[in-house]
Amino acid sequence: MRARGGIIRLQMTSLWPRLEPVLPRVEKPARYIGCEDGANANIYKPDATSWLLTYPDTYEIGLPNQGLQILYELLNERPDAFAERSYAPWTDMEAQMRAADVPLFSVDTHRPANEFDIIAFNLSAELVYTNVLNCIDLAGVPVRASERRDADPLVGAGGHCAYNPEPLADFVDFFVMGDGEEVIADITEEVQEWRQSGKPKGSREAILHALALIPGVYVPAMYDVTYDNQHLLAVTPRHNDIPANISKRTIADLADWPYPRNQLVPLTEVVHDRLNVEIFRGCTRGCRFCQAGMITRPVRERPASQVREMISAGLERTGYDEVSLTSLSTADFSGIEDVVADTIDDPGTCGRVSVSLPSLRVDAFTVGVAAQVSKARRTGLTFAPEAGSWRMRQIINKLITEEDLYEAVRAAYSQGWHRVKLYFLTGLPSEMDDDTLAIADLAENCVQIGLEYTKKASVTVSLGGFVPKPHTPFQWFGQNQPEELRRKVDLLRNRLRKNKRVHLKWHSPEASTAEGITSRGDRRVGSVIEHVWREGGTFQEWSEHFNLELWKEAMDASGLDIDWYVHRHRDEGEVLPWDHIHAGLHKDFLWQDWQDALGGYGIEDCRWTPCYDCGACTEYGIEHVVASPAPPNGGSQGTGQDLATGHLVPVQLRPRAGVGGSQ
Amino acid sequence: MRLRIRFSKLGKVRFVGHRDVARIMERALRRCGIPVTYSEGFSPRLRMSFGLALPTCYESEAEYLDVPLNPDLVQDQTVFCTGWGQGEAHNPTELQDALNKALPNGFDVVALTIEPKSKGSLQEAVLSCGWSFDIVGAQTDGVQNAIETALNSSVIEVDRKKKNEIVREDIRHGIHELRLDGESERGPLVVAELSAKPRVIRPSELVDVLAPGAELGVAKRTHQWIETDGQRIEPLTPSNSITT
Ligand code: SF4
């Protein structure tokens with residue numbers, strides 16, 4: 001495959017003739033055929049850098065991923081690059097592939113993964129890590145980066161979980177921190193040069209070195225890790241020119257990136273099977289448990305006019321009858337009501353298009369929004385109060401009042417919904433049984449409100465076990481033991497047993513433990529992931545495949561202690577495995593916020609109040625892009641305070657002078 | 001009035017299941033702005049009905065779809081589009097073109113008519129289907145002999161799963177035509193007409209009869225037959241899209 005001393009010309013081969021006979025033997029074969037509207041089956045450019053964008057979970061989960069679709073389009077627009085996609089084959093398909101000696105393939109043209117220059121993974125959840133190893137192995141590439149030969153594909157990874165890259169550091173050649181839109185161009189240019197040199201012997205080290213110099217790119221092999229017994233001492237660069245810290249990439253203005261322009265329309269049903277339009281990126285509500293909110297600061301809104309164009313063009317092109325306006329807190333979008341109304345009233349939609357608003361904050365969900373949303377077809381409504389008691393919500397800085405929640409729920413029932421879903425976390429810092437049980441009170445009160453409007457009123461409570469995440473104020477918190485989480489779930493089950501209108505669902509406490517190992521692990525956890533994978537532990541996100549015993553065994557085999565990694569509180573001085581990765585937030589800002597949390601202080605949303613200098617804007621010379629000068633629905637953080645007049649606020653807010661990095 | 005559509009499903013898209021085909025058709029109809037109708041109720045569905053369902057992994061040159069139209073927006077052979085197709089008036093040929101542009105590769109509308117709604121569903125009217133399929137792991141001579149033996153038998157028994165038990169069932173009466181049609185790159189190619197009443201007989205059942213132990217290669221439905229005035233006909237034949 002390697003041309004000696006010249007430009008590499010790969011004659012890419014299609015595996016389709018070998019795949020076709022096995023597809024009738026597997027479940028849902030349509031997920032392996034590609035053929036989506038918006039996909040390009042003729043993208044092969046012999047002299048360009050080839051990317052295989054891989055989602056390490058099933059096609060149904062991975063296909064709608066917007067980040068992956070954006071990069072797919074951007075790369076295919078470049079003359080010097082092209083991208084195809086692949087997804088983790090389900091276990092039945094994997095067995096067929098291994099039996100027939102068929103490697104991991106792209107769904108676009110069914111070419112083998114190891115014919116690509118780069119295999120790039122999207123990491124949206126930690127429990128997919130064993131699937132990452134499985135995909136690398138299925139590609140026929142050594143799973144350990146150190147064992148790869150010069151011409152093997154480069155293995156890359158990005159996405160939210162990349163912010164603690166260490167658990168996967170042994171298996172991934174390079175990580176990308178932050179928004180991918182711009183950095184993929186820099187990477188392509190370096191790799192293109194490497195390809196054109198013919199990838200000669202010894203050149204892998206050089207390309208990795210070159211990649212490590214690109215801002216926002218982390219090449220673990222260029223860093224040494226030192227320990228003092230259990231404790232991590234430092235992660236230090238091996239060469240003088242390698243940066244000691246890696247700062248995330250951030251695009252300044254979403255208006256410059258109206259992607260995806262051609263959202264992929266799959267031929268088989270997937271999750272979020274609808275038009276998805278990203279209306280803003282970032283969130284500064286400041287919820288302390290929320291990694292996504294912390295690492296994607298600042299807020300960058302898409303201009304409303306562009307949102308309208310993307311909705312209209314997208315619906316016409318795809319024929320979907322549902323559009324979802326995506327962001328971390330959709331109802332915060334300036335002028336959300338108008339955008340929803342315009343979509344529903346667009347003559348092209350014939351009044352048949354429904355709008356779904358994921359990530360609804362209750363304080364911004366008004367009767368007006370509810371009425372607009374319900375015009376065509378009522379999609380599911382989920383609100384996330386996250387904690388049952390006001391005390392707890394102050395600690396996590398989710399400053400919505402009970403009244404806010406009841407107003408939102410009332411808006412929903414009054415506009416014809418019969419059921420709302422409420423999302424809560426349990427196992428939060430300093431949570432007492434009263435706080436946990438308050439979840440039941442909230443749910444029951446919501447049912448009571450619903451009964452004023454419909455006899456069918458019900459509430460689904462979805463309960464997640466809290467897993468502390470890197471780059472959040474809770475990164476120092478010791479996660480609850482699974483037994484403790486289970487006890488809390490049982491408290492609620494018992495309390496709600498008699499209420500037939502409240503349905504309780506909970507996430508496996510055992511899976512939260514495995515998630516804890518991988519979320520805040522250091523480089524030593526790599527061998528644990530490898531062990532679990534070698535023992536057959538793939539698809540750990542799927543309850544039918546999850547097995548905590550495998551993880552315990554693997555921790556033992558690696559001589560690592562679950563309590564130390566997962567359930568232990570960290571102190572201020574401890575070196576954290578991700579300290580060399582900068583998500584924009586100063587560590588002392590996060591520590592101060594953690595102390596504020598324990599003290600029960602909330603902090604306001606910096607979109608509409610002065611800056612705390614958390615670092616996300618100040619370090620990068622960028623700022624919020626927000627159309628509306630006023631916070632939605634009467635107050636920052638839903639506390640109802642009028643910031644202009646200094647109106648009394650129901651929550652104690654910490655004086656700003658004490659916050660931030662520069663005291 | 002309604003649209004009656006005959007379409008093909010060939011190549012990689014043969015792996016798309018029936019329910020997914022329905023969703024693909026819905027999206028295409030909406031993209032063209034065809035004045036479809038919806039069911040009443042809490043979550044209205046686009047009204048449409050298919051001929052006999054095609055098993056996943058099978059190809060077809062003869063799938064059928066009936067789509068009731070909003071009568072206010074049809075005049076003779078012209079349909080007035082709404083939604084994304086607002087302001088466009090189409091005759092059947094133009095509708096066929098528009099749908100083909102909106103459909104993914106592998107799906108093709110091969111015939112389309114605008115016609116009055118009739119009683120009874122197509123699904124119930126279909127009496128038999130034409131098939132063409134190849135067999136992997138079988139010798140052509142052996143299959144040829146097995147076909148002759150089968151046609152000369154008065155009873156052909158196959159295993160059939162009924163709830164939790166396996167029963168033997170005679171399918172001889174359901175085989176209207178059966179012949180060898182040369183070889184494909186996978187193996188012997190067979191052409192058959194199999195009855196759809198009282199139950200649908202599938203090519204995979206014939207493989208067990210003709211070459212036990214071998215596997216069905218690619219099966220393609222070539223016809224769906226109905227009866228009108230004592231005549232065995234196809235609801236639509238390719239290319240008859242303009243004449244009604
Ligand atoms: S730097 Fe200031 S304005 Fe920007 S996100 Fe941080 S606190 Fe908010």
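Some questions and answers on helix packing, the ligand shell and confidence follow.

Analyst: This is a predicted model, in which local features need pLDDT of at least 70, side-chain atom pairs count only at pLDDT 80 or more, and totals for chains, interfaces and linings use all residues. Residues are numbered from 1 along each chain as its sequence is written, chains are lettered from A and ligands numbered from 1 in the order in which they are written, and side-chain values use heavy atoms, with hydrogens and water left out.

User: Why are helix 9 of chain A and helix 10 of chain A called roughly parallel?

Analyst: Helix 9 (residues 304-318) of chain A and helix 10 (residues 336-345) of chain A pack at about 25°, with axes 10 Å apart. Angles under 35 degrees count as roughly parallel, over 145 as roughly antiparallel, 65 to 115 as roughly perpendicular and the rest as oblique. Helix 9 of chain A is therefore roughly parallel to helix 10 of chain A. Axes here are lines fitted to C-alpha atoms, for helices over the stretch in contact, and angles run from 0 to 180 degrees between N-to-C directions. Helices are DSSP runs (H or I, at least four residues), numbered from the N terminus.

User: Which residues make the contact of helix 9 of chain A and helix 10 of chain A?

Analyst: Contact means heavy atoms within 4.5 Å. Helix 9 of chain A contributes Ala304(A), Val307(A), Arg308(A), Ile311(A) and Leu315(A), and helix 10 of chain A contributes Asp338(A), Val339(A), Asp342(A) and Thr343(A). By class, this contact of helix 9 of chain A with helix 10 of chain A has five nonpolar, one polar and three charged residues. Ala, Val, Leu, Ile, Met, Phe, Trp, Tyr, Cys and Pro count as nonpolar, Asp, Glu, Lys and Arg as charged, and the others, Gly among them, as polar.

User: What makes helix 4 of chain A and helix 5 of chain A roughly parallel?

Analyst: Helix 4 (residues 91-100) of chain A and helix 5 (residues 129-138) of chain A pack at an angle of about 25°, with axes 12 Å apart. They are therefore roughly parallel to each other.

User: Which residues surround the ligand?

Analyst: Among them are Thr284(A), Arg297(A), Cys606(A), Asp613(A) and His624(A). A residue is near a molecule if one of its heavy atoms lies within 4 Å of it. The shell around the ligand has six nonpolar, four polar and two charged residues.

User: What are the confidence values?

Analyst: The model scores ipTM 0.92 and pTM 0.93. Chain B has a mean pLDDT of 92, with 97% of its residues at 70 or more; pLDDT is the predictor's confidence in each residue, from 0 to 100. Over residues 240-244 of chain B, pLDDT stays under 50.

Methods:
Helix = DSSP H or I, 4+ residues; strand = E, 2+ residues; numbered from the N terminus.
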